[in-house]
Amino acid sequence: MHVSRYTTTVQGGNGNLLLFNTANGAFAELEGNAARAWESGPCSGPAAEQLLQLGFLTELSPSEELARQQELFDHERADTSTLTLSLLPTYACNFRCPYCYELGHNKIKGKMGDRTMTAIERFIQKKFDADGFSKLSVQWYGGDPSLALDEVAELSQRLMSWANSHGVAYEAVMLTNANTIDAEAALRIAECEVSTVLLTIDGPEELHNKRRVAANGSNSYQRTIEAARLLRSYGIRLVATMNADKVNILHYEELRRKLLEEEGIALGMAKLNDYGHFFGKAPFCSPDFELFEHEEFFRAQFEEFAKCDHDAAEMREMLKPVRRFCTGQLENYFIIDLLGDVYRCDGRVGENDHVVFNLFDDEQAWKLHEITFDATRDAKCGPCELLPICQGNCLWERECSGMPCHPFKTTLGDYLRVYRSCFDDEPCGPSGVRTLAEPFAPEELGWL
């Protein structure tokens with residue numbers, strides 16, 4: 001019998017230990033002799049039996065457990081039930097954000113034309129003939145797709161018509177700065193069956209406007225809020241991200257509450273990084289910006305999280321095992337720009353070195369089975385106990401900013417202590433093991 005390689009142990013309160021299995025979601029607390037036995041060596045008796053049932057102890061060797069994760073990833077990677085496309089109708093952008101790493105991509109001019117749209121339709125048909133997928137999922141990306149709404153509307157109508165005629169479900173989301181979305185544009189986006197719009201809101205009005213700078217000098221915060229209200233009136237879900245550093249994070253909690261309560265916008269945060277490697281040059285410099293070191297940000301992110309109330313169901317879902325980190329780890333995910341160039345990573349669009357193939361290439365040259373990253377076979381990620389809830393985090397982040405790992409690598413213990421606080425202090429029983437959360441059933445995870 002072995003301690004599962006995916007068991008994480010952290011100190012709880014009163015000398016108790018918290019055990020969490022990242023591969024199955026089991027959560028338990030050990031006290032007294034059970035805690036001391038766990039720290040000194042393998043448990044025995046009733047405690048061992050209970051820990052075996054929960055998956056903290058296992059008959060599988062570490063290599064067999066890893067092989068299981070590889071099997072699950074391979075199954076997810078090859079899933080053909082959904083074809084997901086990220087479509088870039090234009091690289092143009094009407095913002096001049098000081099920290100933007102995509103500024104160089106604006107050299108690719110124009111908007112998607114009929115030739116590329118027709119090639120996308122042909123590509124979808126060929127994939128359907130080969131895979132028989134049941135859902136077509138589209139992400140409108142850029143540049144800013146709201147600057148090419150005629151093209152978005154035209155291609156959306158083609159794709160929705162195709163999906164309807166083939167009995168395929170259709171869904172769409174859009175990433176936009178929303179600065180040009182008026183009442184007419186909001187209606188057109190809704191007619192394109194966009195269910196979710198992803199926004200960036202970098203702080204309260206004055207601070208946001210210094211960071212999300214509209215090229216025409218307009219009040220980008222006000223325009224974003226006005227657009228959000230119009231989109232929301234059509235039932236479109238709104239999700240926003242703050243690119244956080246030491247300056248704007250001070251306003252995060254107040255802004256998060258305001259946006260949710262007044263505008264129905266859910267605000268999360270991501271670390272503001274120097275992707276373009278030009279921090280320190282005006283206007284991307286102090287005192288308007290002050291970047292976090294990676295672990296500093298992970299700590300600050302947790303501190304913001306801890307200010308809110310959380311329940312056990314939320315924590316269980318947040319720490320749920322995943323089969324992949326991003327869609328780029330799926331064989332059936334393709335990013336296609338206005339030129340017909342195909343990429344695998346959203347962060348790499350517009351970079352010639354990262355074009356996987358072009359839709360106008362000979363089909364024999366299409367690389368349909370490329371993926372961005374397989375963490376289960378990576379020398380760094382494969383042995384890690386966090387693999388099942390991380391799947392390698394973002395490879396692009398690692399390569400561009402040096403972000404070493406998922407935030408949980410340094411803060412999981414803190415989140416687990418918050419998780420523990422969601423439960424009453426019931427007696428452990430004679431085994432000294434208190435089961436806080438049972439393992440997920442395989443069907444809950446959609447696994448084999």
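In the predicted model, glutamine 11 has leucine 17 of strand E3 as its bridge partner. The pairing of E2 with E3 (residues 17–21) is antiparallel and comprises five bridges. These strands belong to an open, antiparallel sheet of four strands, arranged in the order E2-E3-E4-E15. Its edges are formed by strand E2 (7–11) and strand E15 (433–437), each of which pairs on one side only. From one strand to the next, the twist averages 25°. Helix H1 (residues 32–40) packs on this sheet and touches E2, E3, strand E4 (27–30) and E15, with a direction at about 65° to that of E3.

The loop between E2 and E3 contains asparagine 14. Most residues other than glycine have a negative phi. Asparagine 14, although not a glycine, has a positive phi of about 55°. This residue counts as exposed because its relative accessibility is 81%, above the 50% cut-off.

A second open sheet consists of nine strands with mixed pairing, in the order E11-E10-E9-E8-E7-E6-E12-E13-E14. Strand E11 (265–271) and strand E14 (357–358) are the edge strands, each pairing on one side only. Strand E12 (residues 333–337) is joined to strand E13 (residues 341–343) by two bridges in the antiparallel sense, and isoleucine 335 stands opposite tyrosine 343 of E13. Helix H4 (residues 114–131) packs on the sheet through contacts with strand E6 (82–88), strand E7 (135–140), E12 and E14, and its direction makes about 165° with that of E6. Helix H5 (residues 149–165) also packs on the sheet. The strands touched by H5 are E6, E7 and E8, and the helix direction makes about 160° with that of E8.

Valine 173 stands opposite threonine 196 in E9. Strand E9 (residues 194–200) is mostly covered, with five of its seven residues buried. Glutamate 193 is located in the loop between helix H6 (183–191) and E9. Its phi is positive, at about 60°, although glutamate 193 is not a glycine. With a relative accessible area of 43%, glutamate 193 is partly exposed.

Most peptide bonds are trans. The bond from glycine 142 to glycine 143, however, is cis, with omega near 20°, and glycine 143 is found in the loop between E7 and H5. Alanine 282 and proline 283 are likewise joined by a cis peptide bond, with omega about 5°; proline 283 is placed in the loop between E11 and H10.

The axes of helix H10 (residues 294–306) and helix H14 (residues 408–420) come within 10 Å and cross at roughly 10°. The two helices are therefore roughly parallel to each other, since the class covers angles under 35 degrees. H10 contributes Glu295, Phe298, Arg299, Gln301, Phe302 and Phe305 to the contact, and H14 contributes Thr410, Thr411, Asp414, Tyr415 and Val418. By class, five of the contact residues are nonpolar, three polar and three charged.

Serine 220 is located in helix H8 (residues 220–233). This serine is buried because its relative accessible area is 1%, below the 20% cut-off. The side chain of serine 220 reaches the backbone oxygen of arginine 212 at 2.6 Å. Beyond residues up to four places away in sequence, serine 220 touches Phe95, Asn179, His208, Asn209, Arg212 and Ala214.

How values were computed. Residues numbered from 1 in each chain as written. Predicted model: local features only at pLDDT ≥ 70, side-chain atom pairs only at ≥ 80, totals over all residues. Heavy atoms only, no water. Buried < 20%, exposed > 50% of the residue type's maximum accessible area, 1.4 Å probe, protein only. Polar contact = N/O pair within 3.5 Å; in protein donor to acceptor, adjacent residues only side chain to side chain. Contact = heavy atoms within 4.5 Å. Pairing = 2+ DSSP bridges. Axes fitted to C-alpha atoms, helices over the stretch in contact; angles between N-to-C directions. Parallel < 35°, antiparallel > 145°, perpendicular 65-115°, else oblique. Nonpolar A, V, L, I, M, F, W, Y, C, P; charged D, E, K, R; others polar.
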